[in-house]
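Please open the structure in your viewer and keep the selection panel at hand. The stops below go from one selection to the next.

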Amino acid sequence: MKPKNLLFQLSHLESNLNDFSFEKLSVEDADQLKQSFLSFKRNLLEKISPSNAENQNIPSQILKKTLQSFEKSAIAQDSSISDLDMDMYDAIISHYKSYGAVLKSLKIESAMKKDNHSTLIFNKSDSPGADSLHTIDLNPILQDCMGEIDLLTQLVGLYERNGLEFIGAAKIHLQTHDFKQLGLAAHKVKAGLAMMKTNSLHSIILQIESTCNGDKDLKHLQFLCDCFIMEFPIVRKSLKEALAGLNKNKG
Amino acid sequence: MSKKKLLLAEDDELLASLLNFRLKKGGYDVSHSADGKQVKEFLATTTPDIIVSDIMMPYFSGMELIAYVRNELNSKIPIIIISSAGNEENVLNAFELGANDFISKPVSPSELLVRVARELNKN
């Protein structure tokens, strides 16, 4: 990969960033951006570590790990840095900073901090597979229920209903830009999400409530609600499996 | 010995169901109100021994409830506030208005039972 090709990648990325407006970033746009970033990172890695470029058949998981540790290794390995064209390096850093500023203004970085969020955002599968389910331990709640599995079943049912109600309410309040009601709807389900230890949904709801009480960024709220809508079926299925497991153990 | 009357004011049905169950198991005569209107209607006819109330409720907040009980009913019924984590300002306001104690969400039913017993023993 020649430097000019890397710069071409950067231009493409920049073009992508310039093409979407602040108000119109959709999940698909975010996906495209991620793909552009990944492509750029992969090519940059090849430039920094030529040995990687020679081996085109690297297993994807190893490549992924290598990419994840790229920033650390790039800093740690002086020899790699010394191989770089420093002018190009400066240009990359400059571009990176400008993208960072754009992404910061979009306020999507907090939702993407955790791996489970980025998985959730970019995994477009409608029906979650078994391997994408979360592990939910209902035993502490069963203890709170003093071992009453019927009560726990009732609580899981209420949890599902609350989640579905929130999704319905969120759609309406987003359409009407009623941030106060959206914040209240988020607040109402928040405790239940925490109580059932469903941290991924709880984390999203906290951000929704915080945004409703803060800058009321419609685009960001739509993004977060989309995250909730995509994550909810996975959590619901996980909860049902956890409940089924407890029932099986009881039987 | 008659059971102590406890008013549980909580709009989250999920949390309310669990607390209701545990408080009843703990020997209390629990009445549940899901919003401020129900709370006022209940207090118009019944004087509970203790109130456990969420801060954010429809129609009539936990803050308004404390002010109503202390100022309009002139009652010293112990009031325990359930607050969301990170809501420290509301908790301070609640104490200024006359709340006796608070417990943060997610609520541990066992902890709530201890706090309720402690407030009742004080009186």
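A nonpolar core is here a set of buried Ala, Val, Leu, Ile, Met, Phe, Trp, Tyr and Cys residues joined through C-beta atoms within 7 Å, where a residue is buried if 20 or more other C-beta atoms lie within 10 Å of its own, exposed if 12 or fewer, and partly exposed in between, with C-beta atoms placed from the backbone. This is a predicted model, in which local features need pLDDT of at least 70 and side-chain atom pairs count only at pLDDT 80 or more, while totals for chains, interfaces and linings use all residues. Residues are numbered from 1 along each chain as its sequence is written, and chains are lettered from A and ligands numbered from 1 in the order in which they are written.

Begin with the largest nonpolar core, which has 66 residues, and select Ile208(A), Leu6(B), Leu8(B) and Val52(B), the residues with the most contacts inside it. Helix H13 of chain A, residues 218–250, gives the most to this core, with 10 residues; helices (H or I, at least four residues) and strands (E, at least two) are DSSP runs, numbered from the N terminus.

Stay with Val52(B), which, leaving aside its neighbours within four places in sequence, is in contact with Leu6(B), Leu8(B), Ile80(B), Ile82(B), Leu112(B) and Val116(B), two residues being in contact if their C-beta atoms, placed from the backbone, lie within 7 Å.

Next, colour chain B by element: five helices and five strands are found there, and along the sequence they follow the pattern β-α-β-α-β-α-β-α-β-α. Of the 123 residues in chain B, 40% are buried.

Now select helix H2 of chain B, residues 36–45, in which Gly36(B), Val39(B) and Leu43(B) are buried. Seen down the axis of H2(B), these buried residues fall within an arc of 55 degrees (taken from the directions from the helix axis to the C-beta atoms), so they line one face of the helix. Turn to the other side of H2(B), and Glu41(B), Ala44(B) and Thr45(B) are exposed. The cover over the buried residues of H2(B) includes strand S1 (5–9), strand S2 (29–33) and helix H3 (62–72) of chain B.

Move on to chain A, which has 13 helices and zero strands, and in which buried residues make up 25% of the 251 residues.

For the last stop, show both chains: their contact takes 16 residues from chain A and 14 residues from chain B. On the side of chain A that touches chain B, helix H10 (149–175) and helix H11 (179–195) are the elements that give two or more residues, and H11(A) gives the most, with seven residues.
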